[in-house]
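Hi,

Here is the structure I promised to pass on. Have a look, and my notes follow below.

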Amino acid sequence: MRIVVLAGGIGGARFLRGLRQAVPDAEVTVIGNTGDDIHLFGLKVCPDLDTVMYTLGGGINEDQGWGRADETFHLKEELAAYGVGPEWFGLGDRDFATHIVRTQMLGAGYPLSAVTEALCDRWKPGVRLIPMTDDRVETHVAVEVDGERKAVHFQEYWVRLRASVDAHAVVPVGADQAKPAPGVLEAIASADVVIFPPSNPVVSVGTILAVPGIREAIADAGVPVVGLSPIVGDAPVRGMADKVLAAIGVDSTAAAVAEHYGSGLLDGWLVDTVDASAVDRVESAGIRCRAVPLLMTDLAAATRMAREALALAEEVGGA
Ligand code: FO1
């Protein structure tokens, strides 16, 4: 079975661990979000690609869900001693190696997709990880700070500001000129099922869908597209998805997110059991809906969720 998953960071990566456990023989292609990418200290950092790679490759800092396990921060301390910022983004020594190798290969002319493949040769994530595009896309957030309206890089909004100020707009800068990376459209065209994991619907899945051609390819693929709500009980399970959902005028509810994706894209939607009352509303939007436990408390829970998503895909596929 060929499965395509549009993944962002922590939620998507943890779901993928369950999917790999649920169907070990499936061929899984992950289309990774690169809108979170940031250039720091002359290096290109790809948080969502690295979170998937480290989580599935066994190198992730499990408590944080990002960055490497067993980290030290000597480089960060030395940079700070030189007064070289930003200090608010915690890059560890082990993690720096990934960004140095990536930046070196990009500088030698390799596209991000080739670089990602090379990095995965080491980590062996057990899935094919392709960035959504090889072109530069960076999500910026329009905020108002001290009465002044300005656009900040997503990471500054997310990490330095902790999404503590309202986001007036979320813009994946460069997306409209970006092309799907090699293999992305082919993977979608030959998929048996496409899954939207519980990643951020705006800055992760939404950014991937903003790359021209990807949304259309999924809508036209004629295969079941099933999503899992990242919102449980009117609040994001993790992160601050409600902040960016508000920026695009979408309520922070499981049903509203399904409607936001739309029945043109989604065939099925899983909501948590606490949101069972949302099932009828989602079904009336033309999207098959089931209420199942969606808290990825551990690998077993993620595996059950993956099985539920595949069962729903089977159900809508047979329709
Ligand atoms: N998130 C934080 O909340 N604080 C950090 O200092 C931080 C550093 C960081 C470094 C590398 C990396 O790959 C991810 C990092 N993240 C950090 C998480 C990152 O902001 C998010 O993983 C994504 O961008 C959102 O999914």
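For the residue classes used here, Ala, Val, Leu, Ile, Met, Phe, Trp, Tyr, Cys and Pro are nonpolar, Asp, Glu, Lys and Arg are charged, and the others, Gly among them, are polar. On that basis, the lining of the largest pocket comes out as 23 nonpolar, 14 polar and seven charged residues. Bear in mind that this is a predicted model.

The pocket itself has a volume of about 970 Å³. Its lining counts 44 residues, and those closest to the centre are Gly9, Ile10, Trp66, Trp158 and Arg238. At least two lining residues come from each of helix H1 (10-22), H2, helix H4 (93-107) and helix H6 (154-160). H2 gives the largest share of the lining, with five residues.

While we're on H2 (residues 47-57), Thr51 sits in that helix. With a relative accessible area of 4%, Thr51 falls under the 20% cut-off and is therefore buried. Beyond its neighbours within four places in sequence, Thr51 is in contact with Gly9, Ile10, Ala13, Ile60, Gly65 and Trp66.

Back to H1: how does it pack against helix H13 (residues 299-318)? The angle is about 70° and the axes are 7 Å apart, so H1 and H13 are roughly perpendicular to each other. On the H1 side the contact takes in Arg14, Phe15, Arg17, Gly18, Leu19, Gln21 and Ala22, and on the H13 side Leu299, Ala302, Thr303, Met305, Ala306, Arg307 and Leu310. By class, the residues of this contact are eight nonpolar, three polar and three charged.

Cheers

Methods:
Residues are numbered from 1 along each chain as its sequence is written. This is a predicted model: local features need pLDDT of at least 70, side-chain atom pairs count only at pLDDT 80 or more; totals for chains, interfaces and linings use all residues. Side-chain values use heavy atoms; hydrogens and water are left out. Helices (H or I, at least four residues) and strands (E, at least two) are DSSP runs, numbered from the N terminus. Buried means under 20% relative accessible area, exposed over 50%, partly exposed in between (1.4 Å probe, protein chains only). Contact means heavy atoms within 4.5 Å. On a 1 Å grid over the protein atoms alone, a cavity is a set of points where a 1.4 Å probe fits but cannot get out, and a pocket is an open set with protein on both sides within 12 Å along at least five of seven lines; lining residues have an atom within 4 Å of a point. Grid points are joined across faces, edges and corners, and a volume is the space filled by probe spheres set on the points. Axes are lines fitted to C-alpha atoms, for helices over the stretch in contact, and angles run from 0 to 180 degrees between N-to-C directions. Angles under 35 degrees count as roughly parallel, over 145 as roughly antiparallel, 65 to 115 as roughly perpendicular and the rest as oblique.
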